Amino acid sequence: MSSLLLSKAFINGKWVDAADCDMFDVCNPANGKLIGCVPNMKIEDCRDAIVAAKCAFFSKEWSCLVAKQRADLLRCWAILMKQNVDDIADIITAESGKPITEAKHEILHGSSLLEWFAEEARRVFGEIIPSPKKDSELLVIKQPLGVAGLITPWNFPLSTITQNAGAALAAGCTVVIKPSLFTPLTCLAVAKLSEEAGFPRGVINVVTSNNARCIGEYMCKSRDIQIISFTGSTNIGKLIYRLCADDLKRVSLELGGNAPFIIFDSADIKKATESALLAKFRNCGQTCIAANRFFVQDGIYDRFVACFKQQVEDLVIGFGCAEETQMGPLINEDQFTTICELVEDARKKNACILTGGCGLPCLGKLFYAPTIITKVPPEARIYCEEIFGPIAPIIKFKTEEEAIRKANDTKTGLAAYFFTENLQQAFRVAKRLEVGVIGLNEGLISTAEAPFGGIKDSGVGNEIGRINEYINIKYICLGNLK
């Protein structure tokens, strides 16, 4: 590890311990070994971070910066990430378990987000509206909200920070970041690079804690925070929504998904199989937009299943630090237990375990074999629940109407994928799928330029590609002009 492996939190431009000096361990999910310790901060520490962010927001060092100056800082931050890609990737792999190649891709994606928001900072345009009266002018200006509270997840510990903090900072907000207790070291490394980039003190703050509920609730109820951005489960997202309701605090929620992956008879099997492998098993299936239910039309079903099975069985499972590794471990024991329960439930309901369906104790206690399950009945849990693991349930369908109905038969609506070479079908299906993000003949869909967000139980708002979530719109009427 490098000098970016830190053991203190970052508040008001200083590297600090918790007020009570409490710490908690961060361990490698692949082997259980200790990576480091970080401050276990409490409410008083979080209060200090919020006060620092509020003071920084109103200080001349930040509020008086023009958009180009904020853009320059974001661009410098992005450059530093790319210059330190190897060191940061080692930290991401160590604390999340994801393969080193995926970690490096995440860093490059994260830096591209900062580059995009650096450009967006200079595109916050106002308006002059034609007035209905001769003696008045109507103006619209856009201003930053204030302090943004960012609660980020473990599965993408760097890119979710850059997508949220990048947008907030580009708009002119300051931020308090609460990283996941499983991956705080990546966040601290990123904060260190922001310090080197030259951000004024208090603009970026990091509160590490293993009590997410306590810190999260305090952030939601703080009147000094104007927006909460949260990426995580639907249940926690709804709780945050309720906590923010009393103050009508703005929220941006990217929550759970149950992404369908539809393969029509006209699909290119090679393209569909390669994309299915990526959309399902990237980060061991632990992504919010992971393909969750595979619907395959009967005319192509047998060929797809055979091809997919071969590629799944060829996946290289192991420790993320090895360049050849394609899939690492699950993040913790709770997630491993959930995956085992989902597979056992499918077995009991007469689904067919085509490949996998078991742990891999020879590698470690959190490794699970990539699994394909066919003949999945609608009453099986994997049919209707978000899996968040390396299980691919495959369901046969006959008609386009059936596929759309089954794909939409869920409370969530984050992402969907479908494969067809029929242009008319492509437009029909894309319009009817009830999701916020679609991969049409594509399994890797996130990019800095495009908005990202769900509908239904999958969230509120759109991040990536946009900074509107962190902006107030102000209308000014200039009257009695002579």
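Helices here are DSSP runs of type H or I with at least four residues, strands are E runs of at least two, and both are numbered from the N terminus. With that in hand, hello everyone, and let's walk through this chain together.

A word on the ground rules. This is a predicted model, in which local features need pLDDT of at least 70, side-chain atom pairs count only at pLDDT 80 or more, and totals for chains, interfaces and linings use all residues. Residues are numbered from 1 along each chain as its sequence is written, and side-chain values use heavy atoms, with hydrogens and water left out.

Let's start with the overall picture. UniProt, in an unreviewed entry, lists residues 15–475 as "domain: Aldehyde dehydrogenase"; the positions are given in the numbering used here, feature names are shortened, and such annotations may be inferred rather than shown by experiment.

Where does Ser96 lie? You'll find Ser96 in helix H4, which covers residues 85–96. Ser96 counts as buried, because its relative accessibility is 2%; buried means under 20% relative accessible area, exposed means over 50%, and partly exposed is in between, using a 1.4 Å probe and protein chains only. The Ser96 side chain has a polar atom 2.7 Å from the backbone oxygen of Ile92, and the side chain also reaches the backbone nitrogen of Lys98 at 3.3 Å. For these polar contacts, a pair of N or O atoms must be within 3.5 Å; within protein, one must be able to donate a hydrogen and the other to accept it, and residues adjacent in sequence count only if both atoms are side-chain atoms. Setting aside neighbours within four places in sequence, Ser96 is in contact (heavy atoms within 4.5 Å) with Pro29, Trp154, Thr183 and Ile331.

How many aromatic pairs does a search of the whole structure find? The search finds 15. Rings of Phe, Tyr and Trp (its six-membered ring) pair if their centres lie within 6.5 Å; planes under 30 degrees apart count as stacked, over 60 as edge-to-face and the rest as tilted. Take Trp62 and Phe199: their ring centres are 6.1 Å apart and the planes are at 45°, so this pair is tilted. Trp62 lies in helix H2 (residues 60–63), and Phe199 in the loop between helix H7 (184–197) and strand E9 (204–206), so the pair ties together parts 137 residues apart in sequence. Both residues, Trp62 and Phe199, are buried.

Then there is our friend Trp154 with Phe388: centres 5.8 Å apart, planes at 90°, so the pair is edge-to-face. This pair links distant parts of the chain, 234 residues apart, with Trp154 in the loop between strand E7 (147–151) and helix H6 (159–171) and Phe388 in the loop between helix H13 (381–384) and strand E16 (391–397). Trp154 and Phe388 are buried as well. Ring pairs also link a cluster made of Phe261, Phe281, Phe294, Phe304, Phe308, Tyr417 and Phe419.

A charge sits over a ring if NZ of Lys or CZ of Arg is within 6 Å of the ring centre and within 35 degrees of the ring normal. Arg123 lies over the face of Trp116, 5.4 Å from the ring centre, and the charged end of Lys396 sits over Tyr301, 4.7 Å from the centre of that ring.

On to strands. In a regular strand, side chains alternate between the two faces of the sheet. Strand E15 (residues 371–374) has both faces covered: Thr371 and Ile373 on one side, Ile372 and Thr374 on the other, all buried. Two strands pair if DSSP finds at least two bridges between them. Strand E14 (residues 352–355) runs antiparallel to E15, joined by 3 bridges, and Thr355 has Ile372 as its bridge partner in E15. E15 and E16 pair in the parallel sense over 3 bridges, where Pro393 in E16 is the bridge partner of Ile373.

One last stop, Lys271, in helix H10 (residues 269–281). Is Lys271 buried or partly exposed? Lys271 is partly exposed, with a relative accessible area of 31%. Not counting residues up to four places away in sequence, Lys271 touches Phe419, Glu421 and Asn441.
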